[in-house]
Amino acid sequence: MIAFWTTLRNNYKRMLEHKSRVILVVAMITGAVAAAVFMNALATDSIGNIALVAPEREDGLTSPYLNVTRLDKAPPLSDLVSGKYDATVIRKASGEYEIQTIKSDVFRQELADLLADPEEYQPDWSGRRKVGTTIVGFLIMFILMQGTTMMLFFAEDREHGQIRRVAAAPVSFAGYLGAHCVYTFLILFVPTLVILYLIRFLTGVAIGFSFFQFFLLIFLLCALSTAFALFLDAFIDRSDSANMLGSMVSILTSILAGSFYSFDKGNQTLEAIIQVLPQKAYLELAGGMENGYSWQELAPWFWYLLGIILVFLVAAVAKTRRNYIRAS
Amino acid sequence: MDNFKKILGMDLFNLFTNPMWLAYAIVFPLVLVLVMGFLTSASYGSTVTSYDYYGIAMMIYIIFNAATFSANGFMEERVKNPNMRLVYSPVKPFFIHFSKVLATFVFCSVTFTLVGAVLYLVVGVNYGGGYFGLIYLLMLLAIFFFSALGVMVCCVLRSENSTNQLLSIILTLFGVLGGLFFPLDGFGKAISAISWMSPAKWIFSACMQIIYNRDISMYLPACGVMVMLSAAAVGISAKLFKGEDYI
């Protein structure tokens, strides 16, 4: 216990030596949380942005599901490719619509259905994510990437060799590693949760979950990030390399797991890979919570996540012990 | 000049012999484009594929990493002491930081070209056909700017860790604002206007206009922005670089 508290206090003091670093962390977390919440709030219900080219100004095409920009002539192809418009719709003199798009036939059909009967059209949003899950989805990649950066004191100890002295001293090694984990965890968890709630209460934007649910979800995410960071820093000697590998793995797996958009089509191998990713379990857990599933339905995801966190921690501790503690 | 060549050679050696950086510069972009392209391929038609989009958008995002490479190559633990010795040797201070910019530029240009070539051959990304040279030149200018940016941030903050943190947020912000991950035009006029603050937006728009409209009106402004920003970054580095800060 003494080793734990001493290391924790020491980490805190090291942090204070670099005040700019603390300010940066808080600024970044604020930015990320604000972006996650507001991007979500600004997003509209539309199925796409279209450029409408019609002979007369008043053509009566209005739909809550369509973001219409009226133009005099069709936009260049680059505007379709860069995603400024999802489609160009040209209204002919006969009243028919001609659709030009680079998107799939599924989208073209959807748009055609809407144009045929704008009043009655109802998009199919059965699988659509709700607000809370979208917010935590955005945060996944960010928090995972921050974990490796915030584990820096452990990485520094290893890089500069202080850890050898710790291992040689009569102190608890578990306490020492535990303190690094708790430090990293707290510096991720506290600002994220506080800022989330500040934004919630100051602006009144919907965030989808109750206080307790958010507490639990952010707790799990930060714990996963901490365990992953310890794991990386235990196995990779140079902190720059650990950081880079951490970013690479976090970005790729978060995209694959569908943190930003959920992809319905994939192939089997990829599907199998996605199923084992902790981010996938996390998204399922968040989505289930938001849809009011019972604990029995949520428990498998929860235990799976906890299992992954434990595996990372145990592997990291075992590896560090083997590296530095001589058999007596 | 002989001194400069020696420093540059050493910096290049450092960059090209680090397996993790090679992975970050070659494997990561390839996998990123292929994964994004594959996952979104179902929502694209046959004329323009998802690879055409991500082959440009993600490659621009990857160019940003030049800043991370130059920052790490400049202030990494194992180059700090050699740099320290250079500070006390009769070498122009300008050589010390500018060689990092140039070395990163060479390293990233080589890996970038390799990745682009593989993507072109494997999934047939549209790089503008006959206008390919223009696109390539613009990308190289961008690589140079981001290489210079990384060193500049190091000179301002004087700590590798803070630099890494700050860069990761600036670069992600540039990417999101530039509409590389998802288009921002659906979020209203204000956000569309803000997005022009990101260099990514300039590069991306210029590339799109050349490839799909054969319209080069945005090309020179985009190149101009890159050259001006690069000159500013190198200038600021030279102004702020103080060898003693390494201690």
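Reader: Which residues does I63(B) touch, leaving out those up to four places away in sequence?

Author: In this predicted model, I63(B) touches F112(B), M139(B), A142(B), I143(B) and F146(B), with residues up to four places away in sequence not counted.

Reader: And the largest nonpolar core: how many residues has it, and which have the most contacts inside it?

Author: The largest nonpolar core has 92 residues. Those with the most contacts inside it are I60(B), I63(B), I143(B), I203(B) and C207(B). The largest share of this core comes from α3(B), with 18 residues.

Reader: What other core lies apart from it?

Author: Another core, of 61 residues, lies apart from it; F153(A), L221(A), A242(A) and L256(A) are among its residues.

Reader: Back to α3(B). How do the axes of α3(B) and α7(B) cross?

Author: Their axes come within 10 Å and cross at roughly 170°. Angles over 145 degrees count as roughly antiparallel, and α3(B) and α7(B) are therefore roughly antiparallel to each other.

Reader: Which residues make that contact?

Author: From α3(B), the contact is made by Y61(B), F64(B), A67(B), T68(B), A71(B), N72(B) and M75(B). From α7(B), the residues are E160(B), T163(B), N164(B), L167(B), L171(B), F174(B) and G175(B). By class, the contact of α3(B) with α7(B) divides into eight nonpolar, five polar and one charged.

Reader: Now chain A. At what angle do α1 and α8 of chain A pack?

Author: Helix α1 (residues 2–17) and helix α8 (residues 173–203) of chain A pack at an angle of about 40°, with their axes 8 Å apart. That makes α1(A) oblique to α8(A). The crossing of α1(A) and α8(A) is right-handed.

Reader: How many charged residues has the contact of α1(A) with α8(A)?

Author: The contact of α1(A) with α8(A) has no charged residues, but seven nonpolar and five polar.

Reader: How many residues does each chain give to the contact between chain A and chain B?

Author: The contact takes 37 residues from chain B and 38 residues from chain A. On the side of chain B that touches chain A, the elements giving two or more residues are α2 (19–40), α3 (50–75), α7 (160–177) and α9 (199–213) of chain B. α2(B) gives the most to that side, with eight residues. The residues of that side divide into 19 nonpolar, 13 polar and five charged.

Reader: Lastly, is G292(A) buried or exposed?

Author: G292(A) counts as exposed because it has 7 C-beta neighbours inside 10 Å. G292(A) is found in the loop between α12 (278–290) and α13 (295–324) of chain A.

Methods:
Residues are numbered from 1 along each chain as its sequence is written. Chains are lettered from A and ligands numbered from 1 in the order in which they are written. This is a predicted model: local features need pLDDT of at least 70, side-chain atom pairs count only at pLDDT 80 or more; totals for chains, interfaces and linings use all residues. Two residues are in contact if their C-beta atoms, placed from the backbone, lie within 7 Å. Helices (H or I, at least four residues) and strands (E, at least two) are DSSP runs, numbered from the N terminus. Ala, Val, Leu, Ile, Met, Phe, Trp, Tyr, Cys and Pro count as nonpolar, Asp, Glu, Lys and Arg as charged, and the others, Gly among them, as polar. A residue is buried if 20 or more other C-beta atoms lie within 10 Å of its own, exposed if 12 or fewer, and partly exposed in between; C-beta atoms are placed from the backbone. A nonpolar core is a set of buried Ala, Val, Leu, Ile, Met, Phe, Trp, Tyr and Cys residues joined through C-beta atoms within 7 Å. Axes are lines fitted to C-alpha atoms, for helices over the stretch in contact, and angles run from 0 to 180 degrees between N-to-C directions. Angles under 35 degrees count as roughly parallel, over 145 as roughly antiparallel, 65 to 115 as roughly perpendicular and the rest as oblique. A crossing is left-handed if the near helix is turned anticlockwise from the far one by less than a right angle, and right-handed if clockwise.
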